[in-house]
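I opened this notebook to record what I looked up in the structure, entry by entry. The order follows my own reading.

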Amino acid sequence: MNFESPASRIDHTLLKADTRSSQIRHLCEEAVEYGFASVCIPPFWIPLAADILYGSEVAVGTVVGFPLGYASSLVKAFEAQDAVRKGAAEVDMVIPVGAALEGRLDEVLQDIRQVVAAAEGARVKVILECCYLEDALKGELARLVVEAGAAYVKTSTGFGPGGATEGDVALLAEAVAGRIGVKAAGGIRDWETCHRMLAAGATRIGTSAGVAIVEQWRRQRDL
């Protein structure tokens, strides 16, 4: 399968604890230069990114309940509301994985719904952290994400013991059946891997290697 430039499907990501303003500025400049879909940054840096990206087509994205997902729904909802009011247009949240593993899916559904409502129209991407889940539960949770009104189901935080796999992307894509997007994240560092995730059904890619991926795609295109 051939693709046009992957740039418009990439969330240009920087979520390290020691992230500084100069790095955020550079990330935003790269996002505009390469035409990435968004930047995905820590909530603390939203106002700076929103200012830099004002008037561009690059969305400001951030994370809530991240990376472990076990903050209360009230806290996640407040984080989402605060993020959107400061300029975020996309919010990646983490579900309470332990509750999902115990089969408490109504609580997971309500957790997502509260964040979606608090996000006030911003696109919510729901991280399942697939490395902890059996396939049947992944599919069930993906359908739950659709029911909750989120915009994307997402494979991984990138902080867990496993990242995105083609199998997980394909499973999630089949479960949501085009009703919402599928974001692959975690361990996607080159065009070959990115291409495989897109071919498996991903509609968005989360990566800190977006520039390298696009440059590799360009070299392959020009062969």
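**Entry 1: the end of α8**

I began just after α8, where G201 takes a positive phi of about 125°. The coordinates belong to a predicted model, and I read every value below as computed from that model.

I then went back to the start of α8, where a side-chain oxygen of D190 comes within 3.3 Å of the backbone nitrogen of E192. Helix α8 covers residues 191-200, and its buried residues are W191, T193, C194, M197 and L198. I looked down the axis of α8 and found these buried residues within an arc of 160°, so they line one face of the helix. As background, I noted that an α-helix has 3.6 residues a turn, so residues three or four places apart point the same way. I also asked what covers the buried residues of α8. The cover includes α7, β7, β8 (204-207) and α9 (210-221).

**Entry 2: helix α7**

Just after α7, I found A177 with a positive phi of about 50°. A177 sits in the loop between α7 (166-176) and β7 (181-185). Is A177 buried or exposed? With a relative accessibility of 56%, A177 counts as exposed.

**Entry 3: other backbone geometry**

I kept in mind that most residues other than glycine have a negative phi, and that most peptide bonds are trans. E129 has a phi near 55°, a positive value in a residue other than glycine. I placed E129 in the loop between β5 (123-127) and α6 (135-148). E129 counts as buried, at 4% relative accessibility.

I also looked up the peptide bond from F66 to P67, and this bond is cis, with omega near 0°. P67 belongs to the loop between β3 (59-64) and α3 (73-86).

**Entry 4: the barrel**

In which order do the eight strands close into a barrel? I read the order as β1-β2-β3-β4-β5-β6-β7-β8, with parallel pairing. On average, neighbouring strands of this sheet are turned by 25° against each other, direction ignored. I checked β1 against strand β2 (residues 38-41), and the two pair in the parallel sense over three bridges. D11 stands opposite S38 in β2.

**Entry 5: T19**

I located T19 in the loop between β1 (10-13) and α1 (21-34). T19 is buried, at a relative accessible area of 8%. A polar atom of the T19 side chain lies 2.7 Å from the backbone oxygen of K16. Leaving aside residues up to four places away in sequence, I found that T19 touches L14, I24 and W45.

**Entry 6: salt bridges**

How many salt bridges does a search of the whole structure find? I recorded 21.

I examined the pair of D11 and K125, whose side chains meet in a salt bridge at 3.0 Å, N to O. This pair links distant parts of the chain, with D11 in strand β1 and K125 in strand β5, 114 residues apart. Both D11 and K125 are buried.

K76 forms a salt bridge with D111, and the closest N and O atoms are 2.9 Å apart. K76 lies in helix α3 and D111 in helix α5 (residues 105-118), so the pair ties together parts that are 35 residues apart in sequence. K76 is buried, with a relative accessible area of 0%, and D111 counts as buried at 2% relative accessibility.

The side chains of D92 and K154 also meet in a salt bridge, at 2.8 Å, N to O. I noted D92 in strand β4 (residues 90-94) and K154 in strand β6, 62 residues apart, so written because the pair links distant parts of the chain. D92 counts as buried at 0% relative accessibility, and K154 is buried with a relative accessible area of 3%.

Last, I recorded a network of salt bridges that links D11, E90, D92, R123, K125, K154, K183 and R204.

Conventions:
Residues are numbered from 1 along each chain as its sequence is written. This is a predicted model: local features need pLDDT of at least 70, side-chain atom pairs count only at pLDDT 80 or more; totals for chains, interfaces and linings use all residues. Side-chain values use heavy atoms; hydrogens and water are left out. Helices (H or I, at least four residues) and strands (E, at least two) are DSSP runs, numbered from the N terminus. Buried means under 20% relative accessible area, exposed over 50%, partly exposed in between (1.4 Å probe, protein chains only). A polar contact is a pair of N or O atoms within 3.5 Å; within protein, one must be able to donate a hydrogen and the other to accept it, and residues adjacent in sequence count only if both atoms are side-chain atoms. Contact means heavy atoms within 4.5 Å. Two strands pair if DSSP finds at least two bridges between them. Axes are lines fitted to C-alpha atoms, for helices over the stretch in contact, and angles run from 0 to 180 degrees between N-to-C directions. The arc is that of the directions from the helix axis to the C-beta atoms. A salt bridge is a side-chain nitrogen of Lys or Arg within 4 Å of a carboxyl oxygen of Asp or Glu.
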